[in-house]
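This report looks at one helix and at one residue in a neighbouring part of the chain. The structure comes first, and the description follows.

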Amino acid sequence: MKVSGERKVPGGKLVRVDGRVEEGHLVDVVVSGDFFLEPDEALDDIRGALEGLPVDTGFDAVTAKVETARGAAVMFGFEPKDVALTVFRALGRATTWEDHEFELVDAGPLEPLMQMAVDEVLARQVAEGRRKPALRIWDWASSAVIIGSYQSLTNEVDLEAAAEHDIAVVRRVSGGGAMFVEPGNTITYSLYVPTTLVAGQSFAESYKFLDAWVLRALRGLGVDADYVSLNDIASPQGKIGGAAQKRFAAGGVLHHVTAAYDIDAQKMTEVLRIGREKLSDKGTKSAAKRVDPMRSQTGLERHQVIEALVAEFDASYGLTPVPIDEETLTEAKALVESKFATAEWLQRIP
């Protein structure tokens, strides 16, 4: 069986790998592209390292083979990991945005517990091949604090203050920090994609890769947005939102972001203990500066920001709007009962 794959290195050159798969091995390998490599002989060494490669070889192992084969040769416009990723694409173990058709799932307003469950169900459906990769813009039916999978409940949240303000406290499946959300004041979205889309990427690389369209959309609205550290989206005016990610063993990635459109800084610092501690010597005005919402940065209504985000994704990768189906809702309701609404899950780390 003939195979081929290409990779345009961001800011670099094109790499192409052609060959055949025979009895579970890659043979007749050809590596080509518009890159630069000195000395020339290194290309034969790289090709030789890939000849006979078992098709199930891990990414790091392929990268190491190329690294060893190139020796002291100088690579311009590409690196060993780019060759490895191109091999993965040739073998169908890595994909690009253009390889997929994306759905825009409309679930309507959901309560916090259902939000958590629908997120996991959609991600598992994509991982198991039951659904196309998808984007979902959340519509919050009520206020909530969402703590990360590994956070301590009592260390992060003032439960009495949350109850006083009628704010639900739920735990999500992804890691990261606590998020404070209110209907109308928050923009949350999730991406559900196969792991092949982020093959060969570290977590840090995949965060920015999966949100590149968001950065383009925000810049189009006049916000000089970029990634800061691992999972924060920010501008020079302040933090806009935070991302979190969960990778499922079945082969799917759940990537979601919660961004502040507007913010009640006083309420946030009353409910989130970590927020109160971080800002204890700065006052409420400093909380507003620490998280600078999109309303103040864009001057637009919330629905206009969301429309710009969806339009950028559609223009970049294509989107087909679909309503959420009853089977998914039924599966999510069952997951609320068996997992997300249980004390065992919420208090897994007291």
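## The buried side of helix 2

In this predicted model, the buried residues of helix 2 are Phe59, Val62, Thr63, Val66, Ala69 and Arg70. They lie on the same side of helix 2 because the arc they cover around the axis is only 130°.

Several elements contribute to the cover over these buried residues of helix 2, including helix 1 (41-50) and helix 3 (80-90). Strand 5 (53-54) and strand 6 (74-76) are also part of that cover.

## The opposite face, length and end

Asp60 and Thr68 are exposed, and they sit on the face of helix 2 that is turned away from its buried side.

Helix 2 runs over residues 59-70, 12 residues in total. From its first C-alpha to its last it reaches 17 Å, close to the 16 Å expected at 1.5 Å a residue. Gly71 follows helix 2 and has a positive phi, near 55°.

## Leu53 in strand 5

Strand 5, named above as part of the cover over helix 2, contains Leu53. Is Leu53 buried or exposed? Leu53 has a relative accessible area of 3%, and the limit for buried is under 20%, so Leu53 counts as buried.

Leaving aside residues up to four places away in sequence, Leu53 touches Gly24, His25, Leu26, Val62, Lys65 and Val87. Among them, Val62 is also one of the buried residues of helix 2. Gly24 is 29 residues from Leu53 along the chain, and the C-alpha atoms of these two residues are separated by 8.5 Å.

Notes:
Residues are numbered from 1 along each chain as its sequence is written. This is a predicted model: local features need pLDDT of at least 70, side-chain atom pairs count only at pLDDT 80 or more; totals for chains, interfaces and linings use all residues. Side-chain values use heavy atoms; hydrogens and water are left out. Helices (H or I, at least four residues) and strands (E, at least two) are DSSP runs, numbered from the N terminus. The expected span of a helix is 1.5 Å times one less than its number of residues. Buried means under 20% relative accessible area, exposed over 50%, partly exposed in between (1.4 Å probe, protein chains only). The arc is that of the directions from the helix axis to the C-beta atoms. Contact means heavy atoms within 4.5 Å.
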